[in-house]
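Subject: Structure handover

Hello,

Here is the structure for you to look through. My notes follow below it.

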Amino acid sequence: MTKQHIHWLLPGKYNDLKSVKDNFLASIRLRAYVSSLNTKFFTFSFGEDMPLSTNILVVGKIGNFNLEKRSLNWLNQIKMAKYSNTKVIVDYTDNHLMINSPMTNFYRAILPFITVAVTPSEKMSSTFSNFWKGTVHTIYDSIDVDILEWKNFKSRKLLWFGHGTNIPYLLNFLNKNYSLIENYTLHIITNQNGIDYFNNRNKTTVQSKAKLWSTNVLINEAKLCDICIIPSDKDNVQKQGAGHNRLITSLALGLPTIATMLPSYAKFKDYFIDIDSKEVSDVIKNPNIIKNKVVSAQKNVVPLFNKFNLSREWLKVFN
């Protein structure tokens, strides 16, 4: 039996599966790559141009670079797929339909041509359903780290990791909580734009060390740190549909976690400390007091985000 072919529309070139697996963008690494583990039934390709043999077209995150040219190219291919009875799936990971962003027009334009939608959180699925009346599936981002065992902490090191666009939330946290963390060293893992932004805008004297993101760097830095902080803005429309990826990754890495209570995090409230709660100062003084939260999360929650479990969710959508 001939395998069906799935093409992911993604910005850039991908010479092999490793270039997808190691991509800095979580939407590519934790979604497109994870879906491609279904090699028993499908073959996969990735990039700007859909092969003629494509049976299922998945529209990934379009990105802001070279947007006008890419939007036109992608829209033409999506229309062509639709008219040739190719299934068109949009993987909608950022909430552009709710705001007026450079990408909003593209997502509005493709709505009449999609067959199925997928999002990374229940909140995002609910939001997308306000704009499109078809079938919407929620498939969580996977995590790409193994579980690190809890260790008792005494090194006074804070970990922050994420895309550079989240650095303003980190700076806000530092400004608000400087007196609590002035004796800590902050380890930052992000892209070069994020490092530059932090270095130019940080007005505190907190000691910091920044490194470019890779999975190995993240794991190695986590082994050195006491606590992970994930500040965000729960009132920001763009953040309300965010997935669980950073929270679950932090817990998998064995780190007590202080995070903003985003909608997708709320169901896991028993496993981390709300950044707006009074407990934050106690945990920063002694992370060991929430050991049970981390150990429990690693047993009950982290396995749900295993890439093989989530690849089966993609298989259901493809079928």
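By class, 11 nonpolar, 4 polar and 6 charged residues make up the lining of the second largest pocket. This is a predicted model, and everything below was computed from it. The volume of the second largest pocket is about 450 Å³. Of its 21 lining residues, those closest to the centre are Ile 143, Asp 144, Val 145, Thr 215 and Lys 307. Helices α2 and α13 (307-318) each supply at least two residues of this lining. The most comes from α2, which gives 4 residues.

The largest pocket holds about 1,300 Å³ of space. It is lined by 48 residues, and Leu 25, Lys 61, Asp 94, His 163 and Thr 165 are the closest to its centre. By class, the lining of the largest pocket has 21 nonpolar, 18 polar and 9 charged residues. At least two lining residues come from each of α2 (26-35) and α9 (245-252). Again α2 gives the most, here with 6 residues. What does α6 do at Asn 175? The helix bends there by about 55°. The buried residues of α6 are Ile 167, Tyr 169, Leu 170, Leu 171, Phe 173, Leu 174, Asn 177 and Ile 181. Several elements pack against these buried residues: the strands β7 (157-161), β8 (185-190) and β10 (227-230), and the helices α7 (192-201) and α11 (279-285). As background, residues three or four places apart in an α-helix point the same way, because there are 3.6 residues a turn.

Two asparagines have backbone angles to note. Most residues other than glycine have a negative phi. Asn 66 has a positive phi, near 55°. Its place is the loop between β3 (56-59) and α3 (67-83). Asn 66 has a relative accessible area of 42%, so it counts as partly exposed. Asn 85 also has a positive phi, near 60°, and sits in the loop between α3 and β4 (87-91). Is Asn 85 buried or exposed? Its relative accessibility is 73%, so Asn 85 counts as exposed.

Last, Val 116. This residue belongs to strand β5 (residues 116-119). Val 116 counts as buried because its relative accessibility is 9%, and the cut-off for buried is under 20%. Beyond its neighbours within four places in sequence, Val 116 is in contact with Lys 87, Val 88, Ile 89, Val 90, Trp 132, Thr 135, His 137 and Val 317. Phe 41 is 75 residues from Val 116 along the chain, and the C-alpha atoms of the two are separated by 19 Å.

Regards

Technical notes: Residues numbered from 1 in each chain as written. Predicted model: local features only at pLDDT ≥ 70, side-chain atom pairs only at ≥ 80, totals over all residues. Heavy atoms only, no water. 1 Å grid on protein atoms, 1.4 Å probe; cavity = no way out; pocket = protein on both sides within 12 Å on 5 of 7 lines; lining within 4 Å. Points joined across faces, edges and corners; volume = space filled by probe spheres on them. Nonpolar A, V, L, I, M, F, W, Y, C, P; charged D, E, K, R; others polar. Bend = angle between axes of the 7 residues up to and from the residue. Buried < 20%, exposed > 50% of the residue type's maximum accessible area, 1.4 Å probe, protein only. Contact = heavy atoms within 4.5 Å.
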